[in-house]
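I opened my notebook to look up a handful of residues, one after another. Here is what I found, entry by entry.

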Amino acid sequence: MWVLMEPHCLGKKSDPGRTGGDARLFLEAVLWIARTDCPWRDLPPHFGKWNTVFKRFRDWVKADVFKRIFDALSGDPDMEYVMVDGTIVKVHRHGQGAKGGPQSQAIGKSRGGLSTKILALVDGLGNLVRFSVMPGQRGETTGVKGLMEEISCGAFLGDKAYDADWLREMLTSRGIEPVIPARKGRKNPASHDEEKYKWRHLVENYFQKLKEFKRIAMRSDKTDQSFSSMIYIAAAIINAR
């Protein structure tokens, strides 16, 4: 796994300052934070000074390193089917107060208070292909168009929340079979392949794996960039299993 990660890490040991720190130890520190959701100040001393590690994390976030590591560890997806679903995570008080206000950082208000929604697209094996984050109260169909850009697959599996005429038309025009049960009250409900729909549980299973990382189950990152980076590094580990 490290062989695939190393080429995407910033800096080398001979570099001065935090850029030249042990990249493998640094990634272990980030994963420790992702697993435990402890504040950066509580980082165990053997990982180094917490403030130095945090600043290095922000450097890697801005350079999109965690996305590149995710891509390197994910391999070729199985695009026979894709499954899309969303999950809401609450925002810890440590994740509040970013510049620009909560809406600018994919934080919104829902029944349980401040929250963020993760909209995920997984492949036929249940591995993450891509995701987006949005305010918790926003409807899932508002993000699905961007998530499906340049995606080529045999079928799209989604629950009743995705039963929208425009989405069905978009999928059909691209040669993708919509496997979406109709909402109640539809005058002319569309049929769907019930056998294929049984595989939709894979996206729900994926969220369970993702939320084993406590910093994702409860968002503690102020910026959407940092939160997305935590998702990328967690997803990279899951996809590489």
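**Entry 1: D85**

I started with D85, which sits in strand β1, residues 81–91. I kept in mind that this is a predicted model. Is D85 buried or exposed? I read a relative accessible area of 8% for D85. The cut-off for buried is under 20%, so D85 counts as buried.

Next I looked for a partner of the D85 side chain. I found a polar contact between the side chains of D85 and R200, at 3.2 Å. Then I listed what else D85 touches, setting aside neighbours within four places in sequence. The contacts of D85 include I118, L119, A120 and E140. Also among them are D159, Y162 and R200. I noted V203, E204 and F207 as contacts of D85 too.

**Entry 2: D159**

D159 had turned up among the contacts of D85, and I went there next. I located D159 in the loop between β5 (155–157) and α6 (165–173). The relative accessibility of D159 is 18%. That is under the 20% limit, so D159 counts as buried.

Which residues does D159 touch, not counting those up to four places away in sequence? I wrote down D85, I180, P181, Y197 and R200.

**Entry 3: V179**

I moved on to strand β6, residues 177–179, where V179 is placed. How much relative accessible area does V179 have? I read 0%, so V179 is buried.

I then checked the surroundings of V179, leaving aside neighbours within four places in sequence. V179 is in contact with A155, F156, L157 and G158, among others. H192, D193, K196 and Y197 are also contacts of V179.

**Entry 4: R174 and E150**

I found R174 in the loop between α6 and β6. At 33% relative accessibility, R174 counts as partly exposed. Setting aside neighbours within four places in sequence, R174 touches M148, E150 and I151. I looked at M148 in detail. Its backbone oxygen lies 2.7 Å from a polar atom of the R174 side chain. I also noted S152, which is 22 residues from R174 in sequence and 8.1 Å away in space, C-alpha to C-alpha.

E150 came next, as one of the residues in contact with R174. E150 lies in the loop between α5 (141–147) and β5. Is E150 buried or exposed? Its relative accessibility is 78%. Exposed means over 50%, so E150 counts as exposed. I checked the backbone as well: E150 is not a glycine, and its phi is positive, about 60 degrees.

**Entry 5: D37**

I looked up another residue with a positive phi. Phi of D37 is near 60 degrees, and D37 is not a glycine either. I placed D37 in the loop between α2 and α3 (50–62). With a relative accessibility of 16%, D37 counts as buried.

Which residue forms a salt bridge with D37? I found R215, with the closest N and O atoms 3.2 Å apart.

**Entry 6: the two domains**

I stepped back to the whole chain. It is divided into domain 1 (1–74) and domain 2 (81–222). Ten residues from domain 1 and nine residues from domain 2 take part in the contact. The centres of the two domains, taken over C-alpha atoms, are 28 Å apart.

How much area is buried between domain 1 and domain 2? I noted about 830 Å², with 53% of it from carbon and sulfur atoms. On the domain 1 side, R35, D37 and F70 supply 59% of the area buried against domain 2, more than any other three residues.

I counted one salt bridge between the domains. I also counted six residue pairs in polar contact between them. Helix α2 (residues 23–36) gives the largest share of the domain 1 side, five residues. That side divides into seven nonpolar, one polar and two charged residues.

How values were computed:
Residues are numbered from 1 along each chain as its sequence is written. This is a predicted model: local features need pLDDT of at least 70, side-chain atom pairs count only at pLDDT 80 or more; totals for chains, interfaces and linings use all residues. Side-chain values use heavy atoms; hydrogens and water are left out. Helices (H or I, at least four residues) and strands (E, at least two) are DSSP runs, numbered from the N terminus. Buried means under 20% relative accessible area, exposed over 50%, partly exposed in between (1.4 Å probe, protein chains only). Contact means heavy atoms within 4.5 Å. Domain bounds come from an automatic or database domain assignment. Buried area is the accessible area (1.4 Å probe) that two parts lose on being put together, summed over both. A salt bridge is a side-chain nitrogen of Lys or Arg within 4 Å of a carboxyl oxygen of Asp or Glu. A polar contact is a pair of N or O atoms within 3.5 Å; within protein, one must be able to donate a hydrogen and the other to accept it, and residues adjacent in sequence count only if both atoms are side-chain atoms. Ala, Val, Leu, Ile, Met, Phe, Trp, Tyr, Cys and Pro count as nonpolar, Asp, Glu, Lys and Arg as charged, and the others, Gly among them, as polar.
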